[in-house]
Amino acid sequence: MATQDTTSISILAKQQLAQAGIELQVTKKRVKNINFRLKPYLLMVSVPVSMSTAQIAQAIAQRVSWAVANHAQVLEQYKRKQHTLTESSTANSPLLLWGIAQSFTLSPDDTIAYYRQQLSDVIPSLFDKWQPIVGARANEVRLKKMHTRWGSCNTRVRRVWLSVYLPAYPIECTEYVIVHELCHLHHANHSSAFWQTVATAMPDYQHWHNMLAGKTGKLD
């Protein structure tokens, strides 16, 4: 049976993943076997240094269906985890502000009010910074007590929503969310073109994306 062209396999795999809102990230490492890790909106593939391009493309093509089929479950698990984390962050001490422990504690309700004020204070300057870089402007920015999302964008009215829990993390995380949502004004979905737009605007976005997704384990 004839083997499909390697380039075609790679392009087709990326397109299928992009349609499901999944970015493909391939890294060559000193490992014996190819490893797949499915994360929210991301398929991470670690491959042996000696593996050929054709072998890599073939292996990825064989796992696309698995990634697409299981992505919804991964997202649901992530949302449940984030709900637990955000609830505990308002109940435990010390209070975190921009990723740094503060010397005082607040009740859950007061913490939300405090975070809302802190976020409101920095929003104007952060949007002034990133809107020219992304090349898109929001008509309105609102804050919401969101447990399963860090941000969202209504592209029709160009309205960006931000989670009031963001000030618990380093301010770069808030900047990443702003960039992410502004990029949706160019691309409404999570296609490969969308992620390229994010990467162009903010080359180190993956670090802050991973931190919000709980991949780094702690806040630095």
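Strand β6 and strand β8 (residues 159–163) run parallel and are joined by five bridges; two strands are said to pair if DSSP finds at least two bridges between them. The model is predicted, with local features needing pLDDT of at least 70 and side-chain atom pairs counting only at pLDDT 80 or more, while totals for chains, interfaces and linings use all residues. Residues are numbered from 1 along each chain as its sequence is written, and side-chain values use heavy atoms, without hydrogens and water.

Helices (H or I, at least four residues) and strands (E, at least two) are DSSP runs, numbered from the N terminus. Within β8, arginine 159 is the bridge partner of glutamate 140. The three strands form an open sheet in the order β6-β8-β7, with mixed pairing. Because β6 (140–144) and β7 (151–154) stand at the edges with a single partner strand each, one side of each has no neighbour in the sheet.

| Helix | Strands | Angle |
|---|---|---|
| α3 (residues 108–134) | touches β6 and β8 | about 155° with β6 |
| α4 | lies across β7 and β8 | about 25° to β7 |

The axes of α4 (residues 171–183) and α6 (residues 205–212) come within 9 Å and cross at roughly 105°, which means that α4 is roughly perpendicular to α6 (a term for angles of 65 to 115 degrees). Among the residues making this contact are Tyr176 of α4 and Trp208 of α6.

Key. Axes fitted to C-alpha atoms, helices over the stretch in contact; angles between N-to-C directions. Parallel < 35°, antiparallel > 145°, perpendicular 65-115°, else oblique. Contact = heavy atoms within 4.5 Å.
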